[in-house]
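Welcome, and thanks for taking a look at this one with me. Below are some numbered notes to read alongside the model.

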Amino acid sequence: MTYCRCPSTSGLYHFRVRGEPGRRQRATVCPGQLNGFVGEFFTFLEDPASRYLYKEMTVTMEDTKPEKKLKLKRTKGTATGPPTKKVKSFNDQSQELAGGKLFKKTDQKAKGKKIKKDGKVKKSSDGEEKTGQKKKVPMKKGKKRKSEGDGESGESPEKKQKLVEMKKKERKEVRRQLKNNYPLLKRTKEIWEVVRRHDCKKETRAKLMTELYGLIQGRVKELANAHDSVRVMQCCIQFGTLEQRATLFEELKDELVNMSKSKYAKFSVRKLLKYGTKEQKAEIMKSFHGHIKKLVRHTEASSVLEYAYNEWANQKQRKAMLQELYGNTYVVFKAPDTTTLQELFTLHPDKKELVMKEFKESLTPLLEKTVVKHTLVHKALLEFFAHAEGRLRAEMIEAIRESLIHILHTHDGSRVTMHCLWHGTAKDRKVIIKTMKTFVQKICQEEFAHHTLLALFDVVDDTKLVSKAILQELLQSVPDLVHDQHGRKVLLYLLCGRHHGHIHPDIVKLLQQGDSNETSKKDPTMRRQELLEFVSVPLLKFFSEHTKDLVFDKAQSQVALATLEYAQGDKTAAYEALSVLAAEDFMPQGRDGDESQMHLVEHPAGHLFLKRLLTWDKNQREAGQTQGFFALALLSDLEPGAMASWAKVNRGAFVIVSLLDTGIPEVVKRVQKELLPQKTMLKNIKVAGTDILVKKLEAASA
């Protein structure tokens, strides 16, 4: 049997007695009735059939009022083991009234034995019975129980009632007033509200800033780390004078590293980097020395380090920050003027393997998803891949391959990804490609990230995987890509490869670094041909459906021209769409001089598109091609007399000159037939294009 006493929220005392399994008894007694408590308690009898039987208990209260009897309320519960210790009464008087004993044992078990759950009997070291239950830990002394009705802060009931009646904002203000520095914070915030406004006058701001610096002097560290005063500190740094800022910096300069780790104080460090003097910024950079490895992994400090590295550190300071990741061997053997790994390896070639091993150990903890995003880590990884070889490089690629999607948007991160594609195994490349799924359009439109796709097209032999995972998603975004300057380069690379007219020579030189990799086995020409076949039909279809939009835009017309020149497959539909557009009625200068209403042969971008496409026909004829020329499709849809109207304008005349230059017999014959009778009229038109056209006609007819 177990017995306990506990006060309830209403001030009553509950008595719980566990008896027969499955039943629990409870009695409630008022505090005022404790001294007069007398009772008749359980007598437990052991029975072979039922371990414990219980006898109904009646609790009698003695008070000034007539005797009251309370019957125990019975509720369902789980029985516990038998009582092993005598339960002392909670009141000496009640103990005396109860005869000194509250419980009687009818069956005294063997001393020193313990019945466990499995029925085994064990003896304790001191021969005392143990139930196996954990003893209740008594309440610690020294803490005074709060009186009934007191609030959480110890307020009186009247004060608590007033707080309840207040609004949330008012209660918050009352709690603030309990702080020791409440008057100081209140006044500083009042000044901050005025000073931070853009319409605050210079005289007013200077006066208030003097007062504000007087208030915070000596308490700068405390205020910089508090959430409700951190904005005041930023205001002091931003609007204070050089002397005031110098005074504030003197108080903070020894705590800059710790402040960078603070959730709120880190903003003050950022403000010091932005508004501090050159010497103060150098001091901040110097304070980071020796802590780079820890700061770059810290949740709060990493943002400060990233801001300092990207925005305010000069080249020397950036190299110093990077050198802390190289390892101890580099620090020991580097010369005073050594700043890069290449300089150290030139002086100590035998130390390269050891330095690179330590460098890898320093970088491995930085490959976590939240840490690897920092540009300092990207630079360090690029330095590693620029010098790593063999096993070390392979291990690093395997460790970072799933995180490359988070870093390829930066200059250094994109080049790290390219190194992994060049030197990774087929499995590494497959993992990298899978991480790019759902992000292909975004990668294509990034300034540096799209370079990784160009490298991927160059080296991955599994063109089916590339087509399914990358190109299929890419083709769904063609309308968006042709409007983006970087997206167009990806499409152009698929169509015409490393064409000097579309890909910058520096990018071509960069991509050539992966041409001699050890993993790629397929012939580059065959690889490019397989990718081109996959994209050709969708791009030709897209051109046929959006012909006017593409050829009337100078940038988009580059993709359209490359599609007609290099795409594989039937181009009849595309040529037909372009020919119909060229066969429209010609009206010089368009309608009301609107450029968007100009005819194709007179439009600034349209006439260039036609000239370049006709030049392509010329090159293909010279290369031995005998059919599939655009010039023939154009003339088939052109009404008789249309070329005579084109020849009257400068740009139209140059288009006709391009038709003659193709050298295709059918085309030359058609042009001569329509324009030779108009030669006299053309001579009277004094424009450069017409003059050249007349000379071409005379030369062809001679």
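1. Helices (H or I, at least four residues) and strands (E, at least two) are DSSP runs, numbered from the N terminus. On that basis the protein chain has 38 helices and 12 strands. Please keep in mind that this is a predicted model, in which local features need pLDDT of at least 70 and side-chain atom pairs count only at pLDDT 80 or more, while totals for chains, interfaces and linings use all residues. Residues are numbered from 1 along each chain as its sequence is written, and side-chain values use heavy atoms, with hydrogens and water left out.

2. Next, the chain as a whole. Buried means under 20% relative accessible area, exposed over 50%, and partly exposed in between (1.4 Å probe, protein chains only). Of the 702 residues in the protein chain, 43% are buried. The chain exposes about 40200 Å², and carbon and sulfur atoms supply 50% of that area; accessible areas come from the Shrake-Rupley method with a 1.4 Å probe, and for residues only the protein chains shown count as cover. Contact means heavy atoms within 4.5 Å. Among contacts between residues at least 6 apart in sequence, 62% join residues at least 24 apart.

3. Now to the inside. A nonpolar core is a set of buried Ala, Val, Leu, Ile, Met, Phe, Trp, Tyr and Cys residues joined through side-chain atoms within 4.5 Å. The largest such core holds 170 residues, and L248, L381, F457 and L693 touch the most other members. Setting aside neighbours within four places in sequence, L248 meets Y213, I216, V220, M233, C236, I237 and L272.

4. Is A224 buried or exposed? A224 is buried, because its relative accessible area is 0%. This residue belongs to helix 6 (residues 220-224). Beyond residues up to four places away in sequence, A224 touches V230, M233, M259, Y264, A265 and S268.

5. H387 sits in helix 18 (residues 375-387). H387 counts as buried because its relative accessibility is 11%. Its side chain is joined to that of Q342 by a polar contact of 3.4 Å; the term covers a pair of N or O atoms within 3.5 Å, where within protein one must be able to donate a hydrogen and the other to accept it, and residues adjacent in sequence count only if both atoms are side-chain atoms. Leaving out neighbours within four places in sequence, H387 is in contact with L341, Q342, F345, K352 and M356.

6. E446 counts as partly exposed because its relative accessibility is 25%. Apart from neighbours within four places in sequence, E446 is in contact with H409 and H486.

7. Finally, the cysteines. A disulfide is a pair of cysteine sulfur atoms within 2.5 Å, and a search of the whole structure finds zero of them. For C200, the nearest cysteine sulfur is that of C235, 9.0 Å away. C200 counts as buried because its relative accessibility is 13%, and C420 counts as buried at 0%.
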